[in-house]
Amino acid sequence: MTGPRVLIAYATKYGTTKKIAEEIQGVLTDKGIESDLINVMETGKMGTYDAVILGSPVYMGKMLVEAREFCKYFRHNMTDTWLAIFVNGISCCTPGNVDTAPLFAAIDEMHEYVRPDMKAAFSGAFNPTGLSETDAQIAGMVRPPVGDFRDHEAIRDWAEDLALAIFMRMP
Ligand SMILES: Cc1cc2nc3c(=O)[nH]c(=O)nc-3n(C[C@H](O)[C@H](O)[C@H](O)COP(=O)(O)O)c2cc1C
């Protein structure tokens, strides 16, 4: 790999965050930035990267446990690494509610371990079929809006900002 070494690590339960991560990777590739796209569960011993982009869905107000553990476990590896974190959820998708503050709050919880240089909160997707028993029970009580609410323009715009920021600090 030539140019900056970039890791896109994502956590996901039902695939939406992986799709967003792939979309981000596509934009970076178009801009000439190669990247490794890996599920956080498979990062093992993290190699040396110039930039790390971490993505997680928000469940019950928090990033997925494996994404939180990634921040905790690799915090010493990432002290000199440029870091961006994105989350997605559907709390901002109910009609009349576009408040992303609870999603950003999930990222800010990670300040104990890491301080991201860039962060983003996207609307996600919710499909009631195929949920785990526990998730189905919770969803049955909360009755979240059903659908794919991803805003592809917002994702691509942020990915372009990421590309610019990564280029700016290229060694
Ligand atoms: C049990 C359950 C709890 C959820 N809790 C939240 C939440 O607290 N805030 C939010 O914005 N979205 C919440 N969501 C929606 C997910 O974040 C959303 O579906 C996300 O796009 C899923 O990403 P994934 O497929 O990568 O796991 C919840 C969904 C389920 C099924």
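Visitor: Which residue has a polar backbone atom 2.9 Å from an oxygen atom of the ligand?
Guide: The model is predicted, so local features need pLDDT of at least 70 and side-chain atom pairs pLDDT 80 or more, while totals for chains, interfaces and linings use all residues. Residues are numbered from 1 along each chain as its sequence is written, and side-chain values use heavy atoms, without hydrogens and water. A polar contact here is a pair of N or O atoms within 3.5 Å. At 2.9 Å from a ligand oxygen, the polar backbone atom belongs to Lys13.

Visitor: Which residue has a side-chain N or O atom 2.7 Å from an oxygen atom of the ligand?
Guide: Ser91 places a backbone N or O atom 2.8 Å from a ligand oxygen. The side-chain atom at 2.7 Å from a ligand oxygen is that of Tyr59.

Visitor: How much of the ligand's accessible area does the protein cover?
Guide: Accessible areas come from the Shrake-Rupley method with a 1.4 Å probe. On its own the ligand has 650 Å². The protein covers 91%.

Key
Polar contact = N/O pair within 3.5 Å; in protein donor to acceptor, adjacent residues only side chain to side chain.
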